[in-house]
Number of protein chains: 2
Amino acid sequence: MRNLLLTICYDGSGYHGWQIQQNAVSVQQVFQEALVRVLHEKPDIKGCSRTDSFVHAREYCVSLKTEHTIPCARLLGALNHFLPEDIAVLDCREVSPDFHARYSCIGKEYVYQIWNNPVRNPFLNHRALHYWYALDLDKLNKAAAHFLGAHDFSSFCTMDARERGNFVRTITKAECAREGDMVTFTVAADGFLYNMVRIMVGTLLRVAQGKLQPEDIPRIIEAKDRKAAGPTAPPCGLYLNHVYYEDVK
Amino acid sequence: MRNLLLTICYDGSGYHGWQIQQNAVSVQQVFQEALVRVLHEKPDIKGCSRTDSFVHAREYCVSLKTEHTIPCARLLGALNHFLPEDIAVLDCREVSPDFHARYSCIGKEYVYQIWNNPVRNPFLNHRALHYWYALDLDKLNKAAAHFLGAHDFSSFCTMDARERGNFVRTITKAECAREGDMVTFTVAADGFLYNMVRIMVGTLLRVAQGKLQPEDIPRIIEAKDRKAAGPTAPPCGLYLNHVYYEDVK
């Protein structure tokens with residue numbers, strides 16, 4: 001049985017996240033339909049993470065097992081032929097039998113895009129949050145730095161049946177940058193809780209508005225209470241940017 | 001009577017060009033509907049040029065006359081409120097009574113975007129031409145340089161009832177550049193014929209494929225025959241980038 005790792009990229013604005021669900025089109029469903037057309041079988045595909053509706057991925061990893069002998073390069077080409085224009089397969093390779101896109105993942109990096117200009121950018125519709133008012137990057141970075149390290153991030157998690165057990169995550173990167181009118185927040189960690197990046201961004205925007213100070217972040221983390229943090233920022237600005245595995249890539 | 005100049009920006013992928021037509025949604029129609037909601041009158045609006053279906057504009061200029069006393073900044077804000085997300089008003093100012101968005105225009109700059117990678121980019125769907133094979137920028141620039149100056153561009157024009165008279169245009173800029181996998185062709189002129197930039201791009205791609213040489217361009221221009229040039233490149237990669245007026249901006 002071959003074990004394949006595929007790296008895909010997608011514009012999530014037309015999809016209700018990765019995971020297959022009833023009454024809504026998901027990336028997994030569309031990907032699986034393309035796979036069936038190429039392989040004439042329906043392998044069980046493992047995604048590297050759940051992603052919310054309308055969230056994008058510059059890099060999303062999928063593993064699947066198949067007996068099919070199609071060479072990796074041909075599988076990549078054939079899938080790109082059958083997939084719609086808003087999903088692309090970037091890479092396909094054979095990996096060891098015990099590799100699993102989700103369980104082998106040792107970290108992820110997300111980027112959140114904010115178009116920071118009084119006038120919206122028509123080319124960033126569904127691709128970035130539009131934020132009118134001035135953003136003080138120094139202040140945002142002071143706040144973001146408090147996320148670094150290992151913390152219980154219960155305050156930055158939408159609690160639902162799926163979230164159980166350990167809420168400690170280790171943040172290895174948390175920084176804001178500006179390029180012209182585009183402000184980005186980049187955050188890397190060994191793992192993320194449900195809605196974690198979007199709540200971080202909502203909280204940073206509270207800091208930008210002066211309703212919170214950078215020094216409030218440790219207190220918010222300490223509270224372990226969702227109500228202590230800011231609102232959940234909209235999904236359109238969020239991009240899964242990089243998925244980390246040991247050895248493989 | 002006030003004469004207003006508005007600069008707008010739009011993602012053209014959902015529109016059949018600027019000009020109002022039957023049975024198809026145009027940018028002019030949607031813009032006019034927003035104007036009516038703000039001004040409660042229907043001024044005659046002049047666009048700086050025709051644009052083809054699905055072509056984009058980073059900068060498109062419109063002039064209109066009105067007796068309405070609304071300040072320019074408020075008109076800008078109100079229009080952006082009523083316009084859909086894929087159209088934005090960037091600037092609004094009062095101009096002299098004889099200004100006309102089309103007849104006062106002394107030049108325009110277009111950019112054509114080509115995503116040059118074997119795998120498509122889902123975020124550039126409807127925003128760039130996807131071109132698989134290697135592009136030799138030196139060769140493309142050698143070809144593009146032959147467009148510079150004043151020439152009869154009949155070979156680079158789709159003839160229809162609208163094209164009459166003088167086919168001479170003066171090109172002041174014609175260059176290709178690469179930034180990562182994105183190749184752009186930028187061209188500025190005192191005016192453009194119907195489909196001119198798209199036929200230039202189609203011809204440059206023939207040069208990239210080795211089916212034409214850079215030195216063939218003068219011969220193609222000389223032929224004054226549409227059949228001598230390459231095909232018309234698709235509209236998705238084309239952006240009206242800048243509109244030139246004397247004094248005003």
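Q: How many salt bridges does the count between chain B and chain A give?
A: A salt bridge pairs a side-chain nitrogen of Lys or Arg with a carboxyl oxygen of Asp or Glu within 4 Å; in this predicted model, the count between chain B and chain A is zero. Polar contacts are counted separately, and here ten residue pairs are in polar contact between chain B and chain A, both residues being at pLDDT 80 or more.

Q: Which elements of chain B each supply at least two residues of the side that touches chain A?
A: On that side of chain B, at least two residues come from each of β1 (2-10), β3 (56-66), α2 (72-82) and β4 (87-95), and β4(B) gives the most, with four residues. By residue class, the side of chain B that touches chain A divides into 14 nonpolar, three polar and six charged.

Q: What area do chain B and chain A bury between them?
A: Buried area is the accessible area that two parts lose on being put together, summed over both; for chain B and chain A this is about 1800 Å², with 59% of it on carbon and sulfur atoms. Of the area that chain B buries against chain A, R120(B), P122(B) and F123(B) supply 42%, more than any other three residues. The contact takes 23 residues from chain B and 23 residues from chain A.

Q: Why is chain A said to be as compact as a globular protein of its length?
A: Chain A comes to five helices and ten strands, and its radius of gyration is 19 Å, close to the 18 Å given by the globule rule for 249 residues, so chain A is as compact as a globular protein of that length. Of these 249 residues, 56% count as buried.

Conventions
Residues are numbered from 1 along each chain as its sequence is written. Chains are lettered from A and ligands numbered from 1 in the order in which they are written. This is a predicted model: local features need pLDDT of at least 70, side-chain atom pairs count only at pLDDT 80 or more; totals for chains, interfaces and linings use all residues. Side-chain values use heavy atoms; hydrogens and water are left out. Contact means heavy atoms within 4.5 Å. Buried area is the accessible area (1.4 Å probe) that two parts lose on being put together, summed over both. A polar contact is a pair of N or O atoms within 3.5 Å; within protein, one must be able to donate a hydrogen and the other to accept it, and residues adjacent in sequence count only if both atoms are side-chain atoms. Ala, Val, Leu, Ile, Met, Phe, Trp, Tyr, Cys and Pro count as nonpolar, Asp, Glu, Lys and Arg as charged, and the others, Gly among them, as polar. The radius of gyration is taken over C-alpha atoms; the globule rule is 2.2 Å times the number of residues to the power 0.38. Buried means under 20% relative accessible area, exposed over 50%, partly exposed in between (1.4 Å probe, protein chains only).
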